[in-house]
Amino acid sequence: MLSLYISPLKFDNKKKEVQIGCEKIEWKKPIVVFLFTAATCGVLFTIIINFDLGAARDWDVTSVFFLPLIFLSIFLVKEVLLLNKKILFSLLSISIVWGSLWIVLNSSEEKSFQRFLSLESTSLMSPRTRGFYYDELASYFRNKNDFQKVVDYDLKYAEILPLHARICASLSDAYEHLGQKEKQLRALWKVALADSENADHWVNIGQCYFALEKIDSAKIMTQRAVQIDSTNATANFNLGLIQLNIERDCDGAASSFTNTILKNPKNLEALKYLTV
């Protein structure tokens, strides 16, 4: 449709002008040079950026680099399209039709979701893209509290990235909601082995062992968390509970609860045990 109204672009090297349709833009004007340069740099940056570094979901940040392109578009509309009513009308019509179709197609969550599910059978997705696809589905079902579906899609994602700590953590959380403690424990171990210097991972393993009534293993994992981070309030508190209620080691428990309060003075339970 636009080709009916736009004549070929012409460049006059002597006058340093670009002619679009019947309008001319002086390309050596500072504002034109700045907008074209900034827009080009922004587009190139967005193309070459490595989202594996952690920006895969940070489009609210990377979209900033498209701002020059937006301003360039506004400038071109002001300089050219407002003086060519046919082009302006065509663009507005296309935008209205496109926006209306988007609203109609997405007005039903169920229909929209079924269309999204249909993408799973396509062979066009790369392994990395398919992983993000499974991750989005797992997040969707987590919000719906359908944790069996979360497990199903996290496992599919894990086939692509077997030892990804975040996937294993998501599986652990889903198994916990499903009451499948043994599977939760295996997932927690994968998380801990992927980041062994994080005390919280060993705290979680200790709590899972405790729920399985494997007290010795629970104590070993909790002590390991304390060795990694002696100021970890949860690790010290859990260790104190084991020492007090299981081993009847009052002195050891008092030391653990004291360390808990030093790190977290608002822990009233630890304070209560100290005063008993």
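Reply: Glutamate 182 and lysine 214 form a salt bridge in this predicted model, with an N to O distance of 3.9 Å. Glutamate 182 belongs to helix H9 (residues 181-194), while lysine 214 is in the loop between helix H10 (199-211) and helix H11 (215-228), so the pair links distant parts of the chain, 32 residues apart.

Aspartate 135 pairs with arginine 166 at 3.0 Å, N to O. Because aspartate 135 lies in helix H6 and arginine 166 in helix H8 (residues 165-178), this bridge ties together parts that are 31 residues apart in sequence. Aspartate 135 is buried, with a relative accessibility of 4%, whereas arginine 166 is partly exposed at 42%.

Lysine 144 bridges to glutamate 109, with 3.2 Å between the closest N and O atoms. The pair links distant parts of the chain, 35 residues apart: lysine 144 is in the loop between helix H6 (127-143) and helix H7 (147-160), and glutamate 109 is in helix H5 (residues 109-117). Lysine 144 is partly exposed at 46%, and glutamate 109 is partly exposed at 47%.

The count of salt bridges comes to six. Disulfides number zero. As for cysteines, cysteine 41 is partly exposed, with a relative accessible area of 48%, and cysteine 168 is buried at 3%.

Notes. Residues are numbered from 1 along each chain as its sequence is written. This is a predicted model: local features need pLDDT of at least 70, side-chain atom pairs count only at pLDDT 80 or more; totals for chains, interfaces and linings use all residues. Side-chain values use heavy atoms; hydrogens and water are left out. A disulfide is a pair of cysteine sulfur atoms within 2.5 Å. Buried means under 20% relative accessible area, exposed over 50%, partly exposed in between (1.4 Å probe, protein chains only). A salt bridge is a side-chain nitrogen of Lys or Arg within 4 Å of a carboxyl oxygen of Asp or Glu. Helices (H or I, at least four residues) and strands (E, at least two) are DSSP runs, numbered from the N terminus.
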